[in-house]
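Reader: I am new to this structure. Please show it to me, and then let me ask how you know what you say.

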Protein chains: 2
Amino acid sequence: METADTKERILEASQALVQVRGFNAFSYRDLAESVGIRTASIHYYFPRKDDLALSLVRRYHEGFRQILRQIESREVRSEGRLASYLNLFSSLSEDGLRLCLFGVFSADAASLSEEVLMEIRAFCDTNVDWVSKVLKAGQKEGAFSFSGSPLELARGIFALMEGELLVRRALRAPGPPPGIPPVVRALLSCRGDGPFAATDHIP
Amino acid sequence: METADTKERILEASQALVQVRGFNAFSYRDLAESVGIRTASIHYYFPRKDDLALSLVRRYHEGFRQILRQIESREVRSEGRLASYLNLFSSLSEDGLRLCLFGVFSADAASLSEEVLMEIRAFCDTNVDWVSKVLKAGQKEGAFSFSGSPLELARGIFALMEGELLVRRALRAPGPPPGIPPVVRALLSCRGDGPFAATDHIP
DNA sequence: GTCTATACACAGATAGAC
DNA sequence: GTCTATCTGTGTATAGAC
């Protein structure tokens with residue numbers, strides 16, 4: 001096992017811990033056990049817990065951007081792009097236990113450094129901007145029909161997905177959320193035929 | 001100062017700490033300092049931290065129900081009722097730092113007892129049922145126009161508000177959220193004239 | 001009911017051997 | 001790079017005086 005691999009395994013394991021428990025509710029000990037190494041080894045890669053948080057959110061953000069690019073190259077129509085986007089959140093927590101890293105870090109914002117907060121803000125912007133772009137294009141295509149600012153609507157859709165994850169966890173409702181696509185469809189006055197296929201996953 | 005008063009002050013202070021920092025990110029020491037007593041005194045009222053969590057969420061839920069009743073008696077039209085409801089969340093965090101207790105506890109769900117989780121589920125149900133009722137009535141009055149299940153839509157609106165609080169905190173956007181009323185208006189195809197007055201506050 | 005004092009486990013973090 | 005060993009601060013929680 002080389003260096004990069006251990007680092008990657010730490011990131012992988014800690015992301016799961018963060019998404020399920022929250023950033024303040026797991027320790028380097030938990031993480032070390034999960035990876036199968038000692039806490040000191042984690043400190044070698046991430047001297048402070050905040051370094052880990054920063055790497056986590058940057059990695060997550062980058063992974064998200066990559067998926068958005070994949071969606072764009074695979075889905076041509078705006079409707080398909082939006083459906084894939086929404087599905088990203090549904091597939092995020094098939095067990096209904098994982099939250100989006102954005103939601104967790106926003107909830108735990110008080111204990112995070114300014115650097116990490118800047119990154120989660122950037123993540124939010126990436127999402128809202130991307131959805132806004134899709135909405136605008138869809139409006140031109142005639143796929144969506146809405147009045148009001150695409151940016152406001154996009155922010156609403158992003159907030160809706162983040163909130164829906166909270167609701168699903170609280171209600172212990174696994175699987176694709178039954179309520180979300182209809183809500184968004186109502187928002188955009190589009191038909192949205194057929195079930196949404198779950199294809200993309202956040203790495 | 002009698003017993004009841006100290007207990008109440010503890011609840012008041014701890015609610016603020018939970019909403020701003022999260023349940024795992026404040027200690028009995030922080031709380032004691034905030035109230036002006038010693039940690040042992042807190043343990044007298046709430047032997048374990050989970051007891052505190054349970055009292056907090058029950059109190060919060062009850063306060064919420066009371067406000068919902070107040071809204072019903074004050075606002076006759078469904079549109080006014082919904083506007084007041086949405087405003088509840090906006091006024092929640094005028095500084096953009098406080099989350100709804102539901103959001104915090106859902107985010108920290110992994111470290112809470114089953115009893116507390118049942119209470120936050122009940123809180124969620126209270127909200128969704130209430131909004132659903134308003135939507136149905138508004139549809140009859142002709143104030144709202146939407147297709148699809150009122151319950152699904154209500155859950156979407158609740159999720160939207162919870163998610164919007166996360167977004168506002170991350171973006172450090174204080175005051176009434178500029179994006180929310182338009183989104184809900186789009187969702188319900190209603191006009192929603194005039195600014196929403198901030199009157200109710202969660203106790 | 002509130003306090004002082006304290007127990008005990010665990011947190012994040014570091015030094016230094018291998 | 002990974003380990004053992006350890007430091008120091010802080011967490012929840014309790015015993016018992018007042």
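Author: Start with one pair. The side chains of B:Arg65 and B:Glu62 form a salt bridge, with N and O 3.2 Å apart. This is a predicted model: local features need pLDDT of at least 70, side-chain atom pairs count only at pLDDT 80 or more, and totals for chains, interfaces and linings use all residues. Residues are numbered from 1 along each chain as its sequence is written, chains are lettered from A and ligands numbered from 1 in the order in which they are written, and side-chain values use heavy atoms, without hydrogens and water.

Reader: Why is the pair of B:Arg65 and B:Glu62 called a salt bridge?

Author: The term asks for a side-chain nitrogen of Lys or Arg within 4 Å of a carboxyl oxygen of Asp or Glu. Here the N to O value is 3.2 Å, between an Arg and a Glu, so the pair qualifies.

Reader: Where do B:Arg65 and B:Glu62 lie?

Author: Both are in helix H4 (residues 49-74) of chain B. They are three residues apart, about one turn of the helix. Helices here are DSSP runs (H or I, at least four residues), and strands are runs of E (at least two), numbered from the N terminus.

Reader: What makes B:Arg65 partly exposed?

Author: Its relative accessible area is 32%. Buried means under 20%, exposed over 50%, and partly exposed in between (1.4 Å probe, protein chains only). So B:Arg65 falls in the middle class. B:Glu62, at 34%, is also partly exposed.

Reader: Which parts of chain A does the pair A:Arg59 and A:Glu12 tie together?

Author: The side chains of A:Arg59 and A:Glu12 meet in a salt bridge at 3.3 Å, N to O. A:Arg59 lies in helix H4 (residues 49-74) and A:Glu12 in helix H1 of chain A, so the pair ties together parts 47 residues apart in sequence. A:Arg59 is partly exposed at 21%, and A:Glu12 is partly exposed at 45%. A:Glu8, A:Glu12 and A:Arg59 are linked in a network of salt bridges.

Reader: How many salt bridges does the structure hold over all chains?

Author: The count over all chains is 24. Four salt bridges cross the interface of chain A and chain B. A:Glu114 and B:Arg172 meet in a salt bridge at 3.4 Å, N to O.

Reader: How do you know that the copies meet through the same surface?

Author: 100% of the interface residues of chain A are also interface residues in chain B, so the copies meet through the same surface.

Reader: What rotation superposes chain A on chain B?

Author: A rotation of 180° does, with 0.0 Å of shift along its axis and an RMSD of 0.0 Å. That is the relation of a two-fold axis. The copies are superposed by least squares on the C-alpha atoms of residues with pLDDT of at least 70 in both.

How values were computed:
Contact = heavy atoms within 4.5 Å.
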